[in-house]
Amino acid sequence: MLAEEIEQAGRRVRTDAYQMSIGEIVSMYDDEEIIIDPEFQRLFRWDVGQKSKLIESLLLGIPLPSVFVFEKDDGRWELIDGLQRISTILEFMGKLRSPDDGFQVPSVLEATKYLPSLYNAVWERSDLIGGVGYNEQQPLDKSQQLSIRRARLGVEILKRPSDDLTKFDLFQRLNAGGTQANPQELRNCIILMINREFFLAIKDVADFQAFRNVMSITEEQAERQRHMEMATRFLVHANIPYDGRLDVEEYIDEGIVQLAKTMDQGEASNQIRRTFNLLSEAHGSNALRRFQDGRHIGKVGLVGLEGIAVGVAKNLNHIEALGMDRAVAFVSEKIEGFWRQPDTDNFTSPGLRGTTRIQRTVPFGERWFCP
């Protein structure tokens with residue numbers, strides 16, 4: 001049985017490997033033969049210390065881990081692991097294209113343990129560099145530039161995976177061990193790979209004022225993609241039935257892949273806007289908080305999202321048919337009553353697994369918010 005599964009799964013993944021110089025990789029990027037999605041650049045950020053240590057490694061001849069690319073149907077490579085390594089090199093050289101057109105400002109390095117003279121080091125002097133005066137910049141000499149260009153890097157090529165779920169699994173496994181991405185950032189990347197328009201629509205609506213208000217998203221949380229995580233969870237719970245067999249995170253992963261492939265982005269965006277407009281009108285930033293002793297308490301959590309927001313979404317057409325004023329009043333009353341029901345005591349029991357909770361919150365919310 002195991003041998004058959006290995007053989008079957010192995011057919012879905014074909015790989016190749018090259019050793020390439022940094023100069024060759026940079027030339028391919030210049031010719032747009034290697035793709036770094038601009039949205040990926042927004043999601044992944046290294047600080048100046050990490051960038052400096054990478055350049056230090058190249059100058060000292062320390063081998064770097066291989067990067068991974070997907071081979072697209074047109075033969076170009078899409079970078080999926082090694083983004084920061086390649087982006088750091090390109091940015092240092094002044095060649096990294098900006099997500100907003102043009103080029104990123106070339107980076108300035110700081111001193112490192114073995115190369116303290118990297119302080120204020122640049123590829124070449126530039127008036128575009130802020131914070132460090134033109135004459136304070138320390139350009140690498142030609143031999144040092146050549147040392148970086150000639151450094152070699154392993155490139156592992158994944159040859160056109162047969163389905164998007166395989167693509168997601170590979171991307172997730174390659175990136176999950178590092179500190180550069182949390183689970184939602186990984187989801188964001190695979191949504192981008194599958195359906196860019198769907199990703200941009202969800203990103204836009206996750207910044208929608210009513211959504212951020214109801215979810216009480218802080219700027220710090222937004223930096224960690226909390227708003228995208230909640231929008232993703234909401235869409236999956238509202239549209240993909242859960243049978244309890246998969247781990248919750250795997251269910252969310254597979255669910256958003258399915259939606260990115262099959263759901264119209266306008267429909268997804270509209271579902272979030274309509275639902276969270278109602279919730280915002282009903283109770284504002286308190287809509288998903290526990291209601292107890294005549295007031296809302298605590299933080300916005302998954303129970304509120306799954307039981308209340310998803311419950312409203314699953315009954316949205318019937319609720320809106322009441323007319324706006326009656327719909328808001330209905331939702332407001334049902335939110336307060338939601339927390340008084342004996343069932344809700346079973347949503348937050350100590351040690352309760354997420355797999356069990358979801359099988360309680362979502363069905364209850366669907367019944368509770370039915371007019």
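A charge is taken to sit over a ring if NZ of Lys or CZ of Arg is within 6 Å of the ring centre and within 35 degrees of the ring normal. In this predicted model, where local features need pLDDT of at least 70, side-chain atom pairs count only at pLDDT 80 or more, and totals for chains, interfaces and linings use all residues. Residues are numbered from 1 along each chain as its sequence is written, and side-chain values use heavy atoms, with hydrogens and water left out.

Lys 334 lies over the face of Trp 368, at 3.6 Å from the ring centre, and the charged end of Arg 273 sits over the ring of Phe 208, 4.7 Å from its centre.

Rings of Phe, Tyr and Trp (its six-membered ring) are paired if their centres lie within 6.5 Å, with planes under 30 degrees apart counted as stacked, over 60 as edge-to-face and the rest as tilted. By this rule there are 11 aromatic pairs. The rings of Phe 364 and Trp 368 have centres 5.9 Å apart and planes at 10°, so this pair is stacked. Both residues lie in helix 18 (residues 354-368), 4 residues apart, about one turn of the helix, where helices are DSSP runs (H or I, at least four residues) numbered from the N terminus. Phe 364 and Trp 368 are both buried, that is, under 20% relative accessible area with a 1.4 Å probe and protein chains only, whereas over 50% would be exposed and values in between partly exposed. Ring pairs also link Phe 364 and Trp 368 with Phe 338, Trp 339, Phe 347 and Phe 369 into a cluster.

Note on methods
Helices (H or I, at least four residues) and strands (E, at least two) are DSSP runs, numbered from the N terminus.
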